[in-house]
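Visitor: I'm new to reading protein models. Could you walk me through this one?

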Amino acid sequence: MRAPLLWHFARVAAMNELQHRVNLWVSVVQSMIAIGAGLAVIAVVYAHVDNLSGWSRAELYVVLGVFTAVGGVTRTVIKPSMLQLVEDVRQGTLDYVLTKPVDAQLHVSLRRIHLWRAVDIPVGGALAVWGLGDTPGNLTLTAIGVLAITVLASVVLVYCVLLCLAASAFWFVHVQATLDIFESIFQAARYPVGVYPGWLRIFLSAIVPVGFAVTVPAEALVGRLPPTTLAAVCALAACWLALSRLIWRASLRRYTGASA
Amino acid sequence: MVALLDVYLTNASMYPRSYLQYRVGGLMRAIAFLVEPVVYLVIWTAIAEQRGGEVAGMPTKVIAAYFIVWTLVRTTTAAFTPQGFEWRVQHGYFSYQLVRPLHPIHYDLSFYAGYNITALLTWLPAAALLCVVFRPELHPSGWQVAVFVLAACGAYVLRSILLWLLGMVNFWTTRTSALFELFMVSELLLAGRLVPMDFMPTQVSAVANWLPFYWTFGFPIEVLVLDRDGTTMWRGLAAQVLWIGVCATVLLLVWRRAVRRYTAVGN
């Protein structure tokens, strides 16, 4: 029942985007500029050191690639839908979602797809593979399976964090800035989480686990992911999924549709 | 002139009133501003420690001071963005701004001045916390503080005009996100936003001196944090005035043409 529904939501959102094809080129340019800036940042850092807390320059390219790809997923589906949710709560137009015979969380999470921002996903992937250099031979089937699990866990983590931030609109109404906070914190993920001091590492791994969401798939790619970390990221994703569901339900009880 | 001042004061008082109604939103925005420099601060502190306590001759505590003052400059130079401009053009919002007696940039300049002054209230405790955690070395003289205030005001006006110029491209394209991205990258690399310009290769610093970005960001920070001589400070203030003059002239010339293009898309 849900799979065809998901497909229809995605199809309608994609059809809306396909009307604006020039946006593809805008997204390509934006993606190239972002990658160029990321590479320049790495060049500046490595002009002063040979490695950053044990991460070589090539490995940091892998981190940047994963960061770009996960950011691409976020900007393609998650963030546009969450921005729409915040706006609907403010305007009182969430009524139109709540009165539909479909799970409201599912519906609000897939209503907006900025298809062209998905350009970041292959661009980030290509950069990560390029960063691997001579080591892609290490990518066995098992390693690819582990990578797929970590990427899925990453996307779940980012989605849950953004949903919880967006849900604060039910309490504080005017909270577009909370999504700006996410964007700022997500920038921290362009460096491996191990670079940060203990307090910030805990913050970026568990409280707002965006650092974990990028570093873990990157570690899987460069072959330095311990099995315990893999188990931890899966458990964390499951916990965040349950927590975000609870927060979503509690949030809906606050909704009054005051402006509708 | 008195009427203009009155408009500025009234408009500047609008954001503090809105902030009082949506305090959490304002607080969140202030926190969002602070995350970026904390990341830079942590990374460059780690690099400095790896190199024995300095980068390009700048000790760890001075690097900490640089990025803490960074947060102050970032807070006081927030301005109306091309994304907002894009929204105004796409939704026909300029229609009622154009029938007002003043140039629309006055409303943005005054509104964001109020916005930035309000943001300073949330910056103060955050800066105090950063000082406790990172222990910066910062002992500016009264003279440095006075020049910093002037430089920060100059940086705000120059950055506002630059972003407005970029925003006006929307009259022709109705979309400037890619250009804005390019602006942000230029600011990141050439303004001292990513790192102090002393960390950059000398060629990059030389190019930055001939572009406006550095005068909107790195210059005010360096005035307060680094021991620059009087000539360098005066030259910096003069560069700001020059850039403001050039950009304001271009803005006025382009504005006349831009308004003729305006068709109130979507309204």
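Predicted model: local features only at pLDDT ≥ 70, side-chain atom pairs only at ≥ 80, totals over all residues.

Visitor: Which residue forms an aromatic pair with F199(B), and is the pair stacked, edge-to-face or tilted?
Guide: The ring partner is W44(B), with 5.1 Å from centre to centre. Planes under 30 degrees apart count as stacked and those over 60 as edge-to-face, with the rest in between called tilted. Here the planes are 50 degrees apart, and the pair with W44(B) is tilted.

Visitor: Where do W44(B) and F199(B) sit, and how many residues apart are they?
Guide: W44(B) belongs to helix α3 (residues 23–50) of chain B. F199(B) is in the loop between α10 (177–190) and α11 (202–209) of chain B. The pair links distant parts of the chain, with a separation of 155 residues.

Visitor: Is W44(B) buried or exposed?
Guide: Buried means under 20% relative accessible area. W44(B) has 2%, so W44(B) is buried.

Visitor: What kind of pair do the rings of Y66(B) and F67(B) make?
Guide: Their centres are 5.4 Å apart. Planes over 60 degrees apart count as edge-to-face. The planes of Y66(B) and F67(B) are at 80 degrees, so this pair is edge-to-face.

Visitor: Are Y66(B) and F67(B) buried or exposed?
Guide: Relative accessibility is 0% for Y66(B), so Y66(B) counts as buried. For F67(B) the value is 1%, so F67(B) also counts as buried.

Visitor: How many aromatic pairs are there over all chains?
Guide: Some ring pairs join up: F80(B), F85(B), F94(B), F111(B), Y112(B), Y115(B), W164(B), F171(B) and W255(B) are linked into a cluster. Searching the whole structure, over all chains, gives 28 aromatic pairs.

Visitor: Let's go back to that loop. Which residues does G192(B) touch, leaving out those up to four places away in sequence?
Guide: G192(B) is in the loop between α10 and α11 of chain B, and with a relative accessible area of 0% G192(B) is buried. The residues touched by G192(B) are Y66(B), W70(B), E187(B), M197(B) and F217(B).

Visitor: How do helices α4 and α13 of chain B lie to each other?
Guide: The axes of α4 (residues 60–76) and α13 (residues 218–225) come within 9 Å and cross at roughly 130 degrees. Residues making the contact include Y66(B) and W70(B) of α4(B), and P220(B) and I221(B) of α13(B). By class, there are 10 nonpolar, 1 polar and 1 charged residues. Given the angle, α4(B) and α13(B) are therefore oblique.

Visitor: Over in chain A, how do α3(A) and α6(A) lie to each other?
Guide: Their axes come within 7 Å and cross at roughly 165 degrees, while α3(A) passes α6(A) in a left-handed crossing. Angles over 145 degrees count as roughly antiparallel. α3(A) and α6(A) are therefore roughly antiparallel.

Visitor: Which residues does D88(A) contact, aside from neighbours within four places in sequence?
Guide: D88(A) is part of helix α3 (residues 57–91) of chain A. At 5% relative accessibility, D88(A) counts as buried. The contacts of D88(A) are T93(A), L94(A), R111(A) and Y255(A).

Methods:
Residues numbered from 1 in each chain as written. Chains lettered and ligands numbered in written order. Heavy atoms only, no water. Axes fitted to C-alpha atoms, helices over the stretch in contact; angles between N-to-C directions. Helix = DSSP H or I, 4+ residues; strand = E, 2+ residues; numbered from the N terminus. Parallel < 35°, antiparallel > 145°, perpendicular 65-115°, else oblique. Contact = heavy atoms within 4.5 Å. Nonpolar A, V, L, I, M, F, W, Y, C, P; charged D, E, K, R; others polar. Phe/Tyr/Trp six-rings, centres within 6.5 Å; stacked < 30°, edge-to-face > 60°. Buried < 20%, exposed > 50% of the residue type's maximum accessible area, 1.4 Å probe, protein only. Left-handed = near helix turned anticlockwise from the far one by under 90°.
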